[in-house]
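Subject: Structure handover

Hello,

Here is the structure I promised to pass on. Please open it and keep it beside this email as you read.

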Amino acid sequence: MNMKKRALTSLALAAGILLLFAATALAVDLDRTVAVTVNAGGQDFYEDLQNAHVVVDLYKIADAEAAGDALTFVPAAPYANLQLPANPDSSTWSALAQTCAQMALELDRPVVEGAETFETITGDRLSAGLYLILARGADEENPVRRTQTPEGEDAIVTTAHSESYSYTFNPELIAVPYRASELDEWSYAPTITLKPARELREKPLEIVKRLENYRPEGPAVFVFSVKAVKDGVTVFDNVVTTSFTEAGEKSLLVGVPIGSEVTVTEVYSGAGYKPVGRTAQHVTITLDEDAVVTFVNDVDGSTTTGGGIENHFEYDNADSWGWTKIEQEG
């Protein structure tokens with residue numbers, strides 16, 4: 001199957017790598033020096049990806065064999081039991097990359113380790129073949145994660161972080177050399193541009209509520225509006241609630257994007273209670289500093305009672321915060 005000329009994503013590289021090419025093609029030269037360039041992402045992410053310091057490890061999965069203008073791949077010795085599909089479609093190719101990643105991580109034998117992205121990788125460790133690419137943050141202690149696809153299948157991903165964003169990379173496969181059939185030429189220095197998923201990094205904002213005195217008529221309920229703005233765009237806007245059955249202090253933890261400007265406003269001070277001090281506070285969420293705002297209330301001398309809903313936030317061990325509702329009446 002001839003591969004169409006387009007950006008060298010892993011799927012483009014997959015098409016036809018295991019089949020014979022047209023008889024009019026130039027003969028492949030497997031003695032030539034080869035090189036690979038891995039771009040960690042497209043131009044939209046380029047500047048921030050520099051801050052994430054993404055590097056790649058290359059694992060040689062299969063050796064290339066040629067006969068004139070034909071090119072096939074034979075699993076390298078460590079992967080001798082690997083079955084290479086004859087006509088891989090998108091899902092088959094992704095599944096093969098996952099299988100290769102599982103095997104490669106268990107063997108832990110990269111032929112190139114920690115190579116810089118956006119730069120050409122050369123050297124005598126590279127030769128014609130099929131390579132697995134695992135991208136990761138250079139400073140990540142545990143960049144490999146096990147997750148699940150939307151279809152519920154187990155999958156391996158790798159991670160990198162800049163100050164503001166989390167990047168998630170899928171394992172990718174690349175064939176070297178590669179040929180664009182319209183040019184009828186072999187490329188011995190292909191480029192692959194990865195397509196990571198990107199999410200804003202979050203950090204817990206602590207809202208401290210202190211109640212100086214308590215009225216025994218019922219629970220004291222307090223409601224806060226939390227609004228975060230980053231680069232002029234609202235990235236978080238929610239209402240959280242806490243309640244007291246005695247005087248004291250409580251904390252709410254709210255996951256808020258790093259780099260955002262946050263305004264926390266006490267929008268309801270509880271029936272029979274009054275705020276002491278400011279009812280709105282501002283804080284910037286940074287990577288290295290804790291973000292804490294404190295609100296104080298006391299009884300106001302009335303006999304009014306009320307109720308509400310408490311949103312209880314908990315850390316879920318997956319670098320994010322979740323919440324559950326707890327009904328309160330009074």
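Below is what was found, starting with the whole chain and then going part by part.

**Ground rules**

This is a predicted model, so local features need pLDDT of at least 70, side-chain atom pairs count only at pLDDT 80 or more, and totals for chains, interfaces and linings use all residues. Residues are numbered from 1 along each chain as its sequence is written, and side-chain values use heavy atoms, with hydrogens and water left out.

**The chain**

The chain has three helices and 24 strands. Helices (H or I, at least four residues) and strands (E, at least two) are DSSP runs, numbered from the N terminus. Of the 330 residues, 45% are buried. Buried means under 20% relative accessible area, exposed means over 50%, and partly exposed lies in between (1.4 Å probe, protein chains only). Take the contacts between residues at least 6 apart in sequence: 69% of them join residues at least 24 apart. A contact means heavy atoms within 4.5 Å.

**The cores**

A nonpolar core is a set of buried Ala, Val, Leu, Ile, Met, Phe, Trp, Tyr and Cys residues joined through side-chain atoms within 4.5 Å. The largest one here has 49 residues. Val38, Val54, Ile61, Ile121, Leu132, Phe169 and Leu173 touch the most other members. Strand β2 (residues 54-67) gives the most to this core, with seven residues. Another core lies apart from it, with 23 residues, including Phe222 and Leu252.

**Around Thr117**

Thr117 sits in the loop between β4 (112-116) and β5 (120-121). It is buried, with a relative accessible area of 9%. Leaving out residues up to four places away in sequence, Thr117 touches Val38, Ala40, Val54, Val55 and Val56. A polar atom of its side chain lies 2.8 Å from the backbone oxygen of Val54. Phe118 is in the loop between β4 and β5 too. Phe118 is not a glycine, yet its phi is positive, about 65°. At 21% relative accessibility, Phe118 counts as partly exposed.

**Strand β10**

Why is β10 largely enclosed by the rest of the structure? Five of the five residues of this strand (residues 172-176) are buried. Glu172, Ile174 and Val176 point one way, and Leu173 and Ala175 the other way. Five bridges join β10 to β6 (residues 129-137), and the two run antiparallel. Strands pair if DSSP finds at least two bridges between them. Tyr131 stands opposite Ile174. Next, look at the peptide bond from Val176 to Pro177: it is cis, with omega near 0°. Pro177 lies in the loop between β10 and β11 (178-180).

Four bridges join β20 to β22 (residues 291-299), which run antiparallel. Tyr273 stands opposite Val299 there.

**Helix α3**

Helix α3 (residues 90-107) has 18 residues and reaches 26 Å from its first C-alpha to its last. That is close to the 26 Å expected at 1.5 Å a residue. The expected span is 1.5 Å times one less than the number of residues. Trp93, Leu96 and Cys100 are among its buried residues. Asp108 follows α3, with a positive phi near 55°.

Best wishes

How values were computed: A polar contact is a pair of N or O atoms within 3.5 Å; within protein, one must be able to donate a hydrogen and the other to accept it, and residues adjacent in sequence count only if both atoms are side-chain atoms.
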